[in-house]
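Colleague: I am new to reading protein models, and I would like to go through one slowly with you. Could we take it feature by feature, with the general idea before the particular case?

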Amino acid sequence: DGCGHTVLGPESGTLASINYPRTSPNSTVCEWEIRVKPGQRVQLKFGDFDIDDSDSCHSSYLRVHNGIGPNRTEIGKYCGFGFQMDGLITSKSNEVTVQFMSGIHISGRGFLAAYSTTDKSDLITCSDNASHFSEPEFNKYCPAGCVIPFADISGTIPHGYRDSSSLCMAGVHAGVVSNTLGGQINVVISKGIPYYESSLANNVTSKVGPLSTSLFTFKTSGCYGTLGMESGVIPDSHITSSSVLEWHNQTGQVNIWKPENARLKRIGPPWAAFISDEHQWLQIDLNKEKKITGIITTGSTLAEHYYYVSAYRILYSDDAQKWTVYREPGMGKDKIFQGNTELYQEVRNNFIPPIIARFFRINPLKWHQKIAMKVELLGCQFSIGRAPKITLPPSSPQNKNDKKNADFMDDFIHSMKTSLQTDKITFTPEIKNTTVTPSVTKDVALAAVLVPVLVMVFTTLILILVCAWHWRNRRKKTEGTYDLPYWDRAGWWKGMKQFFPTKSAEHEETPVRYSSSEISHLRPREVPTMLQTESAEYAQPLVGGIVGTLHQRSTFKPEEGKEACYADLDPYSSPMQEVYHAYAEPLPVTGPEYATPIIMDMSSHPSVPLGAPSISTFKAAGNQAPPLVGTCNKLLSRTDSASSAQALYDIPKGQSGPGSADRLMYQVPQSTVSKDE
């Protein structure tokens with residue numbers, strides 16, 4: 001009467017004292033006899049140990065023996081409050097006896113222990129949680145029987161489980177290990193989330209959990225994608241049933257809850273059987289053999305029709321003729337799956353090992369009011385070669401031994417089909433990638449690398465082409481008539497000078513270069529070296545030189561306002577190293593920028609003596625010609641005559657001037673009228 005929670009599996013199991021984790025009752029006893037396969041040994045690990053030692057292990061203790069029966073030998077006797085047992089207790093054979101005695105005591109929780117074969121070196125107990133391990137990723141072996149009433153879990157897949165949850169119990173809930181068989185888990189620790197959801201799966205209910213610093217998830221084979229009920233990949237014609245519910249509503253309309261209505265999350269009524277008994281079924285044809293790892297079910301999802309299935313069996317077939325009931329390996333009875341507890345909640349059950357079949361059938365065993373449900377299948381494509389089919393002799397069994405052999409062969413074939421390739425599961429993808437198979441994951445990873453590389457290559461080529469085109473256009477723009485730098489050209493200055501304020505002080509001289517043909521027409525003493533004046537928008541006339549030789553390349557400022565000033569510089573005493581123009585840039589050959597000088601024939605004009613005062617067409621104060629001394633609003637002119645320091649600019653009509661037009665300094669501006677006129 002001292003035995004508590006107990007699950008003894010073929011390779012592992014869990015055992016606990018009665019009433020654990022509360023105080024065990026007085027005067028109780030329990031013995032567990034554990035057997036594993038011959039040739040293997042048993043290892044025992046304690047998750048919790050709290051037995052009264054007030055009488056030095058005389059009346060309350062735990063004793064472990066090698067073997068079973070009268071020939072067993074004692075390995076050890078243990079007692080103590082909060083006793084910490086380091087390491088494992090290992091047997092010498094494949095059989096172990098565990099004996100628990102509880103005498104008169106006041107306190108003491110008893111014990112919780114797990115066992116497995118010695119090849120499971122990373123065995124843990126059902127009480128271990130993620131906070132007991134510091135590694136970010138680790139592998140452990142969970143024993144059978146970790147669905148215990150005194151442990152809690154919070155969370156679900158794919159979001160993860162709270163770090164306070166039992167690792168093995170969460171593994172059963174996630175569908176990575178079986179409660180009746182145990183198994184290996186691959187745990188990954190990550191940052192916690194603020195809220196953990198509640199769900200029901202594999203007969204384990206996870207609770208709502210608050211914020212935690214960390215959580216854990218499991219790595220699996222990745223074969224948890226939906227197989228087409230919800231999405232419609234499975235056509236309606238491939239969904240059949242034993243019967244269909246038909247009924248008339250209050251308006252007289254006929255309602256038919258057909259089997260194709262049994263699609264998870266599909267709005268509307270579910271599939272419902274016309275007769276509610278244990279012989280009803282819902283059948284799904286997957287079109288070819290698939291690897292089926294789980295099933296999700298709901299009730300009617302209609303508030304006015306509170307129908308759902310609470311328990312069911314699973315059958316599968318290759319030809320829809322001969323059906324096999326799903327059983328867990330090593331179990332001699334059909335597995336009954338827990339269904340829904342209400343009509344809305346989605347309940348998941350996993351198949352460990354998975355089912356390999358084309359035809360899948362659900363056989364309801366318990367229900368609420370009527371048999372009604374919606375379903376979805378989980379799994380993936382089956383690409384691994386199947387085990388060879390075993391053919392039996394056609395003769396029927398003639399005696400009891402033959403019948404036993406036939407039953408044995410049926411069980412063997414069933415075991416081969418359900419456990420095929422279960423030891424070849426890879427643990428690389430995380431369970432959150434439930435809709436991606438491992439082969440697709442590799443393609444996605446390859447594309448994630450190639451796409452950015454190709455984008456960078458094409459972007460680089462485009463940038464190179466754009467830069468080459470821009471350089472070519474800029475090079476063409478730099479080719480001008482006078483071969484001046486790009487920033488010295490008149491066109492550039494014309495476009496930029498509008499952004500500068502008007503200058504009021506002396507400005508910096510700008511050198512101008514003429515072609516050799518133009519300079520050859522000028523006499524050395526007729527070429528000024530530099531003229532300085534205040535800034536003006538238009539060019540001032542050149543002082544000295546033969547204007548006619550410049551043709552259309554020079555401009556002058558029209559008469560308006562106050563005349564500009566020229567500096568009193570002597571062009572003859574200046575060194576003649578370069579030719580400068582004080583104001584205007586040379587105009588392009590295509591045409592003048594402001595005004596075109598007029599070349600007039602002065603041969604018909606009467607000449608005047610050289611000693612006569614010079615007359616300028618430029619406006620001065622009053623009506624007098626400006627004196628020769630160079631001051632503000634005065635012009636200085638010189639000629640090549642040694643006897644005279646005067647020079648003529650322009651001669652009004654009716655007055656005589658030099659006889660040769662070559663001696664003219666400038667033409668008459670168009671806006672000036674002579675006194676004779």
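**A helix, a sheet and some rings**

Modeller: Let us begin with a helix that lies across strands: helix α1, residues 167-174, lies across β10, β11, β12 (160-162), β13 and β16, and runs at about 50° to β16. Please keep in mind throughout that this is a predicted model.

Colleague: In what order do the five strands form their open sheet, and is the pairing parallel or antiparallel?

Modeller: In general, strands of a sheet pair through backbone hydrogen bonds, and the pairing may be parallel or antiparallel. Here the open sheet has the order β10-β13-β16-β12-β11, with antiparallel pairing. The edge strands, each pairing on one side only, are β10 (137-142) and β11 (155-156). Within the sheet, β13 (residues 183-191) and β16 (residues 214-218) are joined in the antiparallel sense by five bridges, and Val187 stands opposite Phe218 in β16.

Colleague: How many aromatic pairs does the structure hold?

Modeller: A pair of aromatic rings is described by two values, the distance of the centres and the angle of the planes. The structure holds 17 aromatic pairs. In one of them, the ring centres of Trp247 and Trp257 are 6.0 Å apart and the planes stand at 80°, so this pair is edge-to-face. Because Trp247 belongs to strand β19 (residues 245-248) and Trp257 to strand β20 (residues 254-257), the pair ties together parts that are ten residues apart in sequence. Trp247 is partly exposed, at 25% relative accessible area, whereas Trp257 counts as buried at 3%.

Colleague: What are the distance and the angle for the rings of Tyr306 and Tyr308?

Modeller: Their centres lie 5.9 Å apart and their planes are at 75°, so this pair is edge-to-face. Tyr306 is partly exposed, with a relative accessible area of 35%, while Tyr308, at 11%, counts as buried. Ring pairs can also link into a cluster, as they do for Trp32, Phe46, Phe49, Phe100 and Phe111.

Colleague: Which ring does the charged end of Arg361 sit over?

Modeller: The charged end of Arg361 sits over the ring of Trp323, at 4.1 Å from its centre, and Lys120 lies over the face of Tyr141, 5.2 Å from the ring centre.

Terms used. Residues are numbered from 1 along each chain as its sequence is written. This is a predicted model: local features need pLDDT of at least 70, side-chain atom pairs count only at pLDDT 80 or more; totals for chains, interfaces and linings use all residues. Side-chain values use heavy atoms; hydrogens and water are left out. Two strands pair if DSSP finds at least two bridges between them. Helices (H or I, at least four residues) and strands (E, at least two) are DSSP runs, numbered from the N terminus. Contact means heavy atoms within 4.5 Å. Axes are lines fitted to C-alpha atoms, for helices over the stretch in contact, and angles run from 0 to 180 degrees between N-to-C directions. Rings of Phe, Tyr and Trp (its six-membered ring) pair if their centres lie within 6.5 Å; planes under 30 degrees apart count as stacked, over 60 as edge-to-face and the rest as tilted. Buried means under 20% relative accessible area, exposed over 50%, partly exposed in between (1.4 Å probe, protein chains only). A charge sits over a ring if NZ of Lys or CZ of Arg is within 6 Å of the ring centre and within 35 degrees of the ring normal.
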